[in-house]
Amino acid sequence: ELRTPLNLISSTEQLVTELNKSKDGIGKSKLNGCMQVVRRNTNRLLNLINNIIDLTKIDVGMIKPNFGNYEIVSLIEEIALSIIPYGMSKNIDIEFDTNVEEHYIKCDPNMIEKIVLNLLSNAIKYSKNNGYIKINLILESDIIRFIVSDNGIGIDEKIKGKIFDRFSRGDNSLNRLNEGSGVGLSIVKSMIDIHNGNVTVESVLGKGSTFEVQLPNIKIEDELEEIYEYNRD
Ligand code: ADP
């Protein structure tokens, strides 16, 4: 997984150098195409390395939550809005609904960002073109529920119980095409555990999947209420 994007970056560099040896150079449109390959694979590599760093920190117990009382509704909504362009590339509709306008809970916003981004990017990754994704935030007295539903490829019963384990990935053409590394959901699960929360999945193969995250509806006493500045980039 680490080698594939690196190989693509390296071979693109060789291609650019080779084409640039000609009298007229590589040309604008070929260069743009090559840079796109480099950009995509650099991001993929960065993402993988960040995941590996997170996993290592989790393993050695070095992942320290930075808890505060953060406004959870706008945080999740901002993240959902930021992935709309990514969904549009597959013509996927993304809908956000909430039964509460503003609410503060004890959480680590960086971890919430990773949890939500992982679930939403999976929902897009494992959806067919023209699908839909529904994101729901439901506040109850003891918990806050965050639900992501898609009408994508669904999950085989055989691997459903294992998807939160490290390096477990489904074995279908979409998985191979996306070349997932099988670590995203294990990081999600560990970070939800750190919040004393819970995550479950329901899925029907070929019909879609629903992931539900439950976080305790609690606050740190005598601490400020804050709004996390989410960086859409
Ligand atoms: P990755 O996506 O990198 O393979 P994850 O840990 O994020 O790794 O997910 C593990 C596996 O769970 C995936 O390989 C895929 O088979 C399955 N999966 C996760 N989310 C979805 C989803 N929304 N729809 C269908 N399958 C999913």
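**A note on cysteines, core, cavity and pocket**

1. Let's start with a cysteine: Cys107 is buried, with a relative accessible area of 0%. Buried here means under 20% relative accessible area, with exposed over 50% and partly exposed in between (1.4 Å probe, protein chains only). Cys34 is also buried, at 8%. The search of the whole structure finds zero disulfides, a disulfide being a pair of cysteine sulfur atoms within 2.5 Å.

2. A word on what you are looking at: this is a predicted model, in which local features need pLDDT of at least 70 and side-chain atom pairs count only at pLDDT 80 or more, while totals for chains, interfaces and linings use all residues. Residues are numbered from 1 along each chain as its sequence is written, and side-chain values use heavy atoms, with hydrogens and water left out.

3. Now to the core. The largest nonpolar core holds 45 residues, and Ile72, Leu119 and Phe146 have the most contacts inside it. Such a core is a set of buried Ala, Val, Leu, Ile, Met, Phe, Trp, Tyr and Cys residues joined through side-chain atoms within 4.5 Å. Helix H5 brings the largest share, eight residues. Helices (H or I, at least four residues) and strands (E, at least two) are DSSP runs, numbered from the N terminus.

4. Phe146 deserves a look of its own. Leaving aside residues up to four places away in sequence, its contacts (heavy atoms within 4.5 Å) include Ile76, Val116, Leu119, Leu137, Phe211 and Val213. Phe146 also belongs to the lining of the largest cavity, as do Ile72, Ile76 and Val116.

5. That cavity has about 60 Å³ of space, and the count is one cavity of 30 Å³ or more. On a 1 Å grid over the protein atoms alone, a cavity is a set of points where a 1.4 Å probe fits but cannot get out; a pocket is an open set with protein on both sides within 12 Å along at least five of seven lines, and lining residues have an atom within 4 Å of a point. Grid points are joined across faces, edges and corners, and a volume is the space filled by probe spheres set on the points. Helix H3 (72-82), H5, strand E5 (143-150) and strand E7 (208-216) each supply at least two lining residues.

6. Finally, the second largest pocket has a volume of about 160 Å³. Helix H2 (28-59) and helix H5 (109-125) each give two or more residues to its lining, with H5 giving the most, three. Among the lining residues are Asp54, Lys57, Met111 and Lys114.
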